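Q: I am new to this structure and would like to go through it step by step. Could we look at it together?

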Amino acid sequence: MSAILSREFVRHFAASRARVWEALADTARFNESIGLPKHDIREEPQPDGSVRFYATAKIGPLTLHWEDIPQEWSTGNWFRHRRFFLKGPLKQLNVHVRFEDFPDRDGCIVHYQIDVEPRNLIGRILVHRVIFPMMGRDFEQTAVRVEEWAQEQIEAPYPTEPVELDDAHSQRLESALTRLDASRYSHGLGRRFADWLLSAHEVDLMHIRPLRLARQWEENERHVIELCLQAVKDGLLESRWDLLCPRCKGAKLTTSSLDALPQGAHCPSCNISYDRDFASNVELTFQPAASIRKVEHGEFCLFGPMSTPHVRLQIRVAPGSSESVETVLAPGSYRIRTLEPGPERILDFSGGTFPAIAVDETEIEAEEGGTAAGAVTLKNRCQRPRVVIVEARDWADDALTAHQVTSLQVFRHLFAEDVLRGGDEVGIAHITLMFTDLSGSTALYEKIGDAPAYGLVREHFEFLSSIVREHEGGVVKTIGDAVMASFTEPESGIQAALAIREHVLEFNLEHPDNPIGLKLGLHSGPCIAVTLNGRFDYFGGTVNMAARLQGEAGPGEIIISEAIAGDPAVAEILKSKWLEQDRRVIRGFKEPVTFRRLPPEGTMLKAD
């Protein structure tokens, strides 16, 4: 029986442990930077519901086949990765990386341990003469860059060289960039974006997420979303609708258009089937257009810690055993689950000692009086191994959901044709809708004539659409002189309504002989999204209520429902405003409806 051969490399860093972890635990980017090829993953469901992962990769003339064991880690403390080779000179290769603080000064120590089991003599020679020297060199070179990056001497721990384009690709890029820069959605970011597409790691380009990019660039989120959507139209990007698994958050089904999106999908990694939810697990992501930079299919690393940074612990626990894992979890909301199909639990942690976690086949228990501070106890009461996961519930902060993007004006402007297939309906759990209507428009047409009056009405549509867009909303449709707009958040809707009313005051000062009056109504709640007349539209009680509330408004008034008035963010915005409570019978609703009025401010057109 062959023996395990081990080698440990130790590196001292002046940088903090958290900073060094951020770089070294990014195993996908680490593997790409040292020149390892992507590998294809085959997922094989097991009779007990678990899944085994098999990988294939080519390194020069060699084709390697191995079983990839999902990584384990405790964020900020350690991670380990095991690979069992199906044939060739090696049986297994394991990497275990540990992080610890210096006891008496700033900085940290990293232990990079490699364990290799050769299958034969050739394997032993390969380990000593190639694998240990090569992996030690790669670690040392990476460590130098990480230290320089942590000390802000270089911009990134894994620098890349821009892809060199031939003349045809270069001309294609410049032509697309010219179109992008000429649009109103570029926001002066076109050249920076094009340069990034050529210099970014493939890891970053496989799923371009605008919200993450905006945070990294310290740019306005809406500007980066608009940039990406316009880049699709101009040929720089391709868009994809990803149907995310609710357990692992992986994109297990991808389509190029909404009308091709199915009602649900199956996740082979978790071995579960699940339904779509526009507000939570349908995400719009992007890739470079193949005509600009082709991104190859495959993985650089499976289940890396920084590939899923919301996962704080991922630990394999043997049947009937327990593990005490060193970790410090901040107060917050966590989801406890297993990598395999099974139960899950939401745990709101206020600080102190984290409860012990006990997993069986049907439930997950949180036992008070857990391990001492600085550790978490994980118990497996099943008759099979379980990979226990503790993840923060902020994973969706970077996800641009279908609900969010279809509510934006830019999407309705650029992608009016990207709609649900006929007869398909999508339930939206929460949306804010605003209806506006001009007061006295008939009299205005009679007073100054059709053409001048229409000019004023059109100008009103333009500033209204612009304000809706600036507040992360979208105009759904116009009905005569009325407008229906949607927002994902109630505070965005109320801020837009206030901005619109303020702009009307300015508009009337510029047109003192022909002022306009605008009536606004807002309501939040669930609705149904459908395709109507070739466009994305909404139906249901929330739509009806928002429309009826607008009908209760006088010129310059904003009527808001109790649902909106009771929202904490809205309450903060309106705390200095005078609100009048009203209650009336509204057509289409059996019971009287209570709502709030924001009376007109300044000079407004009086009702007819």
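Q: Are F193 and W217 buried or exposed?
A: In this predicted model, F193 is buried, and W217 is buried as well.

Q: What kind of aromatic pair do W21 and F99 form, and how many aromatic pairs does a search of the whole structure find?
A: The search of the whole structure finds 16 aromatic pairs. W21 and F99 form one that is edge-to-face, with 5.1 Å from centre to centre and 65° between the planes.

Q: Which parts of the chain does that pair link?
A: The pair links distant parts of the chain, as W21 is in helix α1 (residues 17–24) and F99 is in strand β6 (residues 90–101), 78 residues apart.

Q: Why does W21 count as buried?
A: W21 counts as buried because its relative accessibility is 5%, and the cut-off for buried is under 20%.

Q: And F99, buried or exposed?
A: F99 is buried, with a relative accessible area of 5%.

Q: Back to F193 and W217: what kind of aromatic pair do they form?
A: F193 and W217 form an edge-to-face pair, with 6.3 Å from centre to centre and 80° between the planes. This pair also links distant parts of the chain: F193 belongs to helix α5 (residues 190–199) and W217 to helix α7 (residues 210–217), and they are 24 residues apart.

Q: Which residues do ring pairs link into a cluster?
A: Ring pairs link W21, F79 and F99 into a cluster.

Q: What about charges over rings: where does the charged end of R19 sit?
A: The charged end of R19 sits over the ring of W149, at 3.8 Å from the centre of that ring. In another case, R105 lies over the face of F102, 3.7 Å from the ring centre.

Q: Let us change topic to the strands. In which sense do β3 and β4 pair, and over how many bridges?
A: Strand β3 (residues 51–59) and strand β4 (residues 62–74) pair in the antiparallel sense, over seven bridges. Across from F53 stands D68 in β4.

Q: Which residue takes a positive phi in that hairpin?
A: G60 takes a positive phi near 65° in the hairpin of β3 and β4, where two residues lie between the strands.

Q: What does β4 do with β5?
A: β4 and strand β5 (residues 78–85) pair in the antiparallel sense over seven bridges, and S74 stands opposite W78 in β5. These two strands form a hairpin with three residues between them, and G76 in the turn has a positive phi of about 85°.

Q: And over how many bridges does β4 pair with β13?
A: β4 pairs with strand β13 (residues 311–317) over two bridges, in the antiparallel sense. There, W73 stands opposite Q314 in β13.

Q: Which residues line the largest cavity?
A: Its lining consists of W196, D204, H207, I208, R209, R212, L213 and Q216. Helix α7 gives the most to this lining, with three residues. By type, the lining divides into three nonpolar, two polar and three charged residues.

Q: What lines the second largest cavity?
A: The second largest cavity is lined by F411, R412, F415, A416, D418, V419, R535 and F536. α10 (409–414) and β25 (535–539) each supply at least two residues of that lining. The residues there divide into five nonpolar, no polar and three charged.

Methods
Residues numbered from 1 in each chain as written. Predicted model: local features only at pLDDT ≥ 70, side-chain atom pairs only at ≥ 80, totals over all residues. Heavy atoms only, no water. Phe/Tyr/Trp six-rings, centres within 6.5 Å; stacked < 30°, edge-to-face > 60°. Helix = DSSP H or I, 4+ residues; strand = E, 2+ residues; numbered from the N terminus. Buried < 20%, exposed > 50% of the residue type's maximum accessible area, 1.4 Å probe, protein only. Lys NZ or Arg CZ within 6 Å of the ring centre and 35° of its normal. Pairing = 2+ DSSP bridges. 1 Å grid on protein atoms, 1.4 Å probe; cavity = no way out; pocket = protein on both sides within 12 Å on 5 of 7 lines; lining within 4 Å. Nonpolar A, V, L, I, M, F, W, Y, C, P; charged D, E, K, R; others polar.
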